[in-house]
Amino acid sequence: MSRAIKKCAVLGAGVMGATIAAQLANVGFETILVDIVPPELTDDDKRKGLTKESKGFRNKLAQNGLDTALKSKPASFYVPESAQLITIGNMEDNIGWLGDVDWIIEAVVERLDIKKSVFEKIEAVLRPGTIVTSNTSGISAKALCEDRSEDFRRYFAITHFFNPPRYMKLLEIVSGPDTLPEVIQALAEACERGLGKGIVYAKDTPNFIANRIGVYSMFCVLQAMMDLGLTIEAVDELTGRVVGNAKSASFRTADLVGLDTLLHVAENVYEGAPNDEEREMFRPPDLIRQMIEKKLLGEKAKQGFYKKAVDREGKRVILSLDYHTLEYSPQVKVKLASLEAAKGISGTSGRIKSLYYADDLAGQFTFRTLTEGLIYSANRIPEIADDIVNVDNAMKWGFGRKMGPFEAWDAIGVSESVAKMREKAYQVPAWVEEMLEMGKRSFYKREAGRLYFYDLASKDYEEVPVKPGVIVLPSLKDREKKVAGNKGASLIDIGDGVACLEFHTKMNAMGDDIVNMVIKSVDIVSKDFQGLVIANHADNFSVGANLPLVLFTAQEEEWEELAWMVKTFQDAFMRLKYMDKPVVAAPAGMALGGGCEICLAADRVRYAAETYMGLVEVSVGLIPAGGGTKELLLRNTEHLFEVQQGGIYPKQIELMPFVARAFETIALAKVSTSGPEAVKIGYLRPTDKMSVNRDFLIEDAKETVLAMNMEGYTPPRPVEGIRVAGENTLAMIKLALWTLHEQDYATDHDVTVATKVAHVLCGGNVVADTKVSEQYLLDLEREAFLSLCGDPKTHARIQHTLNTGKPLRN
């Protein structure tokens, strides 16, 4: 390619178009968003004084799309300010803008004739070499670029984003008949590194990979449910998190997608794949057609397989559909013996296997639906993709599953499951039988830290490609790169003189094991390495302290033990902060409480775009006591110090507004909805940088360590002479809390906890502008934490959080 992709345009400002534009803007692409000019003025337009020549009228559809994206939940933008990179327009007045972009994404209505007319219109203004892609979910690439010029066809492809584009990792790339290889390469680079996508290369077949298999599996689930007499909520229990699928499972997912969309995808396969051995399965059952006739379309119609309602007591409830009567009723608690047994098994593989071989109704359902899905997936290779890796990745990244079909097949045992399939008269694909006959008992195998997959073409195992810049910690451990470790954490050599501290407790909750490994890692890295990365591959970086341990110790009134635990926690993070080698934290997912505090102790943070960071201890009746309260005060006031010859001296600026900002952040237990918002809130600094694709996060953090050393790393020195706001500011915060309490916005316990936070942030009962040390503030943190641990109301809050997973709202 003659140039990198820097400027983009999206044609069509519907839900997908606007949210694709939002993601482009999130990662820094200048983006044009255009739609058609509305055909007529509405009464609302006339009341606003708009005419057909008004920009407000002519750009209305694009503006509405952008406004909807800004209001969407979950949020489409990392921070609302990202929308400033989007310029709106329309396809008549602003079509000339398209001559100045590098990549155009068509996201108009899913009709071949309309898409082709759009391409005809824009081709006249394109400069040579402009990449054009369609976001179609299933229309043929060959059909889309028919009648276009050779240059257009060479630079045309399909880029199928999944909804919502910010959160769904999958991007299916489909080449047209004449697409240049370098175009596919440019798209893959821009989308993988830039947009954070997992790339799957699909063939130009109806609905590509994920939707082809996904819709087939959905209809298998639907048919099995009706045949076995299961309820909708029972099926969602059986096809949800227990088997490693998304929480939305089957029917909540169908409601989110929309039944009309589901029908459209099914019909597309039925018409476009006449040789599919399961073609009749894509003829939707009568239930789907009846629901569509009654406008039970799902989320968009506020009723589908589920419906939100209010009961007689005024409580919000979610009703489920009785598919016999098409009436809604309260959900019935699911009671299936093998399901309950599976929930008690650790690990997705074990749970799937347990259900697959169970004899009760849940087992029959799982065996039938999983078997049909596995056989169908195997029969689609090489029709829809060249190998099992692309199929597995498509299903994981497109539907939020922990395992793709072939990984799940390995989990239940290929030989054992095939024997049961034969027993039940299923026809196992010939290539699977052949694989077993050759003595190959699994689709994947791991050897010497490398992962291999069974390749149909060579009839042997091939190494799963590992992209440059991707560090896989389990693979390094398999290659004996672990330097030290215990049950809670490991220190791993990730090359080039850099070590990585990996947590591996449940939810990466921080207890003695992790704290001890932090201390040990400081000793080892200081002596034997050039720097340290703190990262892991878990869904969540760390959810914070081990609350059950804190609660148990407090209830047993082991105050000396608890004080020692907190002091050790603080000391470990202080050693990390002042180690003589650079430390880079690399959070992703939730980084809460202690997970946030360890990031605050690092020199730099290389964060994933989807990082949800916060000091949330107040929600369980405690305060951040691993240095978090102290660090947030420093981060909010560090710009108030100036460097002069001989040392660092505080500027005489009123501290109140900066202390108030830190107080509000902690007292409201603010959690960022993205990495960039963590910067905006103040947990991270502008010098901390983002990796959009988490796959590259550890390598990026490692490169940050190496860059810091190359620049000449100088360890920070302990901060002395910290100017604190003192008792006057503390009194003002107490007055504000009293006012909130009097207006019933805060409970007695809320005020107690918030007062402790303010006490630490203001430096205690001292006069304004008193100079204190970091250790003084840490002592205040520890004292406040211990006093709150003795409060029965705090015990109740912690217990409620442990029982429900949610903070207690008084």
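This is a predicted model: local features need pLDDT of at least 70, side-chain atom pairs count only at pLDDT 80 or more; totals for chains, interfaces and linings use all residues.
## Contacts along the chain

## Overall build

The secondary structure of the chain comprises 33 helices and 27 strands. For 810 residues the globule rule gives 28 Å, and the radius of gyration of the chain, 29 Å, is close to that value, so the chain is as compact as a globular protein of that length. The C-alpha trace spans about 80 × 70 × 65 Å along its principal axes.

## Burial and surface

Buried residues make up 55% of the 810 in the chain; here a residue counts as buried when its relative accessible area is under 20%.

Strands of a sheet pair through backbone hydrogen bonds, in either a parallel or an antiparallel arrangement. Strands S9, S10 and S11 form an open sheet in the order S9-S10-S11, with antiparallel pairing. Strand S9 (306-310) and strand S11 (327-330) are the edge strands, each pairing on one side only. On average, neighbouring strands of this sheet are turned by 45 degrees against each other, with direction ignored.

Strand S10 covers residues 316-322 and pairs with S11 in the antiparallel sense over four bridges. Leucine 319 has proline 330, in S11, as its bridge partner.

Notes:
Residues are numbered from 1 along each chain as its sequence is written. Side-chain values use heavy atoms; hydrogens and water are left out. Two strands pair if DSSP finds at least two bridges between them. Helices (H or I, at least four residues) and strands (E, at least two) are DSSP runs, numbered from the N terminus. Axes are lines fitted to C-alpha atoms, for helices over the stretch in contact, and angles run from 0 to 180 degrees between N-to-C directions. The radius of gyration is taken over C-alpha atoms; the globule rule is 2.2 Å times the number of residues to the power 0.38. Buried means under 20% relative accessible area, exposed over 50%, partly exposed in between (1.4 Å probe, protein chains only).
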